[in-house]
Every structure is written in structure tokens, then in C-alpha cells.
Amino acid sequence: MMTSSSSLHLIFILFTIFTVITTTTTTVKSLPIPFATTPQQSLLQKHTNKHLKPSSTLPFTTHYFPQLLDHFTFTPNSSKIFYQKYLLNSTFFSSSSSSPIFVYTGNEGNIEWFASNSGFIFDIAPKFNALLLFIEHRFYGDSLPFGNDSYSSAETLGYLTSTQALADYAQLIRSLKHNLSAEASPVIVFGGSYGGMLAAWFRLKYPHVAIGALASSAPILQFDDIVPWSSFYDGVSQDYKDESMNCFEVIKGSWDELLALSLKKNGLQKIGKIFRSCKKLQSVEPVKHWLWTAFASTAMVDYPTPANFMADLPAYPVKEMCRAIDGFPARVSKLPKVFAAASIYYNYSGTEKCFDFESGSNPHGLHGWAWQACTEMVMPLTCSNESMFPPSGYDYKNASAGCEFKYGVQSRPHWITTEYGGYRIGEVLKRFGSNIIFSNGLRDPWSRGGVIKNISPSIVALVTKKGAHHLDFRSGTKNDPKWLIEQRRKEVEIMQGWIRQYHEDMKD
């Protein structure tokens, strides 16, 4: 029996992932993360107070860093220590030669998930002789400051902020470099989605710690009114339009057909039969969410090769979804068509006999994102009349009231742009910023909230027409298209330039 899975909460990710959408009919919760080398396990024995253990499926050792709870106050509670997980691979590294340190700024989930889907960083490590460091974000995975009570109230969750996370990374990196006698090793930070936002912000906030950042699919402009609120779902819709107008129209019309059937006598029973529900449906909303998630998530991960980041999917899954829809005769109801399409997302293997719409699991530890989306990571998302989703609006006051009801705290919807900027980003960053790569694929709907134009000679946008959500971070394969190979080549070339300039500057 198949559950609705964590992808129900992963329309970012996060940044998978990623905010609360207030619609005219309902509230849809949308959350915008294979190696083969044996790691050396000798380094950093003195860097942790806990037992070291190999990461079960990755060529990393797992470590725990004694991290401060609060970096920004000197109250008695601020000195509380929690243990922050990080993964380390030193296979190619030599501190004596000032080799670089590649740091992944962890997202809204357990760090192994992102490490296993960031093979590009491992692929290029031998070329740079780089140390690889993946740091887990506080309040996610095993990095829980208050253990099982971490999500118990606003009193504990109040320490879950992006600024605290960035300070965690700075503190850990500096301690690591000291303990490895690697003070001369340059640091480059990497991140995808929400992690990409953190990587870019880290470079701006801690330029003395990291010489550069590769921020992939980082929608740092998806705040306030910098980009249209409908941009994400307009982007999703455009992906399906590009494949087939019939496919787009079927999906667009399916919502009304689904609602109409649910209001008829025995309608929920009929819907349950069409969608192969394991249990008797109590409402049509879980089915609606199930479809919504499948279409939006697949647009994000419309990769040119098979992948299993958010689900086990074939190459170009949007095309496969539209092929499923277009394969039906025109006279057939829209609901079997959209079920067939969504089944590609949830059941590509064809092994599931039924679907449990009203219960889900959270295998990647994403529990904290609802708090972040409520408090500071407020990215308004709406659906326009041109979207294939039902039209919706967004209201700051209503959203804040919902957060206050849930957590007892008020939202700060404009804090992110106050803390990190965003408005007139080209004019601002070209005056003081440097060494940031913003990579985006235009098939990724989050790219519409990203930086897709060069800002300066050293703050560059690498944009691919057919790329999807942080596709460039995935491991290279023999079937990668030439444009993807070229994108990664440019990233490597730019980072080599940063490191070369760093070593030249160190000679002065």
C-alpha cells in the first residue's frame, strides 16, 4: 500500500518546498533535496564528542559538532549545546597543499538525502583534491537542539531561523579548518533550492569564511513583490503547455470535474474507485492535493535522465505524463486521464495496487519547514487564471493569522529582504558582491524567482533552457545532454578561477 509520501510537502525544498498557499476554496500546503568511493575515516577524531560512524549508504563518515544554540544573544540559555550532524569525505584532500573545502549548506531535511542527490560535488572532488563537507541544517534530520521536544512549541522552534543556520555553518567550518590545520584552504559553499539560497546568503554574510558560492535553483527573489506571486505555478503550467496543449487543458479542467463528481450521490465512492483508493474517502481534498503535488513536483524534477530525488521517475517525466493523458480517446472523462498521469509520479514501477490519500510519511525529516514558512520564509504563491490550477489569491494578514493560531507567533513576511536584500539585486550586488554562481534551468518553475541574468563579471547566471531543479548537482551520467555537460564545465572553470585568484592573493 502506497502512502502519499514526503513529496506532498516538497513543492520546494526549499526549499523542496515550501510555503502555504491560501486559495479561494481551500488551503494547499506546499513545501518549496550514489557514490562509490570508500572514505578515509581518520580525520576529525578530535572534532567531535560523539562516536564516529560511517554513513550507511554514502562514502562519508558521520560526525557531530557541539554547536551553540543561540549565536546572537548572551542569555543563559544561549550557551546550550546541541550536536549538529555533518558528513565528511577526505579521500582526495591534503591540507598541506591548501586544497579547497567544498561545503554543502544543508536544506530542510536530513543531510544524507541531499548528499545522495549532489553527486556533482563528489564527481569534481578529485579534480580539485577537495575535502567534502555536508552540514545538516539545525532542527532537521538528527540535528535537533531539544531532541524529541524540538517542535513542541515556539519556545524551542524560535531558534529555527536562517540566520542561526548560517552562523552554525560558519562556526563549524572555522572549527573544522583549525582542527585539520587547514587554515589556508579556501572554502566554496554549495547549495540547491533552499540550500542554494543559504549558499548565496552565506557568501554575502560570511565572505571571510567562503571565497565563493554555487547556488543552484535558489529562488532568492521569491519574496515580497519582487517577482509576480503567480510565477511558480505559471511556470509549472508552461511546462505542460510546452508538451501538449491537450494535456494542459485536461489538467486544467480536471479540478472542476473532480469537485462536481464529489458533490454527487456516491461521488466520493466513484472517485475512490477511479483513483484506486485503499480506504473509503471522507473528502475530495486529499485526492486534489495528491494530484496537485504530482503535477507541480514533476515539473520541478523534469530531468533528462531517470532519477529518484522526489520520486522514482523516468527521463523527462512531464512528457511521459502528457503522453499518458493524450493516449486516451477525447470522449473519456478527464479523471482517469489525470490519474494515469499522476500514477507516473507515485507508481512508475507499477507495483502499487492502491493509494492511501489520507495518511502520509515524512522520511526526510521535513517537520520544521511549516515553522520557517510561517515565520520568515514567507513566499506568497498564487494561481492566475492562465494557470492549469484553480485560481487562488494570497493575503498576508490571513496567512499571519493562521501562523499565530498554530504557533502563537506573528509572521515577519518582509524580514528576509531586510536581512539579505533582493530588491534591485543587480544594482546592489555589483557594488560589493563577488564570486557567486546562480545556476537555473528554465523548466524549473522556481527559476522565475531566481537570478537568471549576470550581475557582474564574478556574479554570474548560468541558465539552461531545458534544465530542472538543481539538475546540475546530480551525478554525471553517460546519457547527460551536451548542454548539461557544458553547464557543469563552466561551473568548474569559474571555481578554478576563484581558487587560482585566492592562491595568488595569498602570495602577496
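Cys247 and Cys322 form a disulfide in which the two sulfur atoms lie 2.2 Å apart; the term disulfide is used here for a pair of cysteine sulfur atoms within 2.5 Å. The model is predicted, so to speak of local features a pLDDT of at least 70 is needed, side-chain atom pairs count only at pLDDT 80 or more, and totals for chains, interfaces and linings use all residues. Residues are numbered from 1 along each chain as its sequence is written, and side-chain values use heavy atoms, with hydrogens and water left out.

For readers new to the topic, a disulfide is a covalent bond between the sulfur atoms of two cysteines. The structure holds three disulfides.

The link of Cys247 and Cys322 is left-handed, with -75° about the S-S bond. Cys247 belongs to helix α7 (residues 245-262) and Cys322 to helix α10 (residues 317-326), so this pair ties together parts that are 75 residues apart in sequence. Helices are DSSP runs of H or I with at least four residues, strands are runs of E with at least two, and both are numbered from the N terminus. Cys247 is buried, at a relative accessible area of 0%, and Cys322 is also buried, at 2%. Buried means under 20% relative accessible area, exposed means over 50%, and partly exposed lies in between (1.4 Å probe, protein chains only).

A further disulfide joins Cys278 to Cys354, with an S to S distance of 2.1 Å. Cys278 is partly exposed, with a relative accessible area of 25%.

The sulfur atoms of Cys374 and Cys403 are 2.1 Å apart, and these residues form a disulfide as well. Cys374 lies in helix α12 and Cys403 in helix α13 (residues 396-407), so the pair ties together parts that are 29 residues apart in sequence. This disulfide of Cys374 and Cys403 is left-handed, as the torsion about its S-S bond is about -90°. Cys374 is buried, with a relative accessible area of 7%, and Cys403 counts as buried at 8%.

With bonded cysteines counted along the chain, the disulfides follow the pattern 1-3, 2-4, 5-6. Another cysteine, Cys383, counts as buried at 4% relative accessibility.
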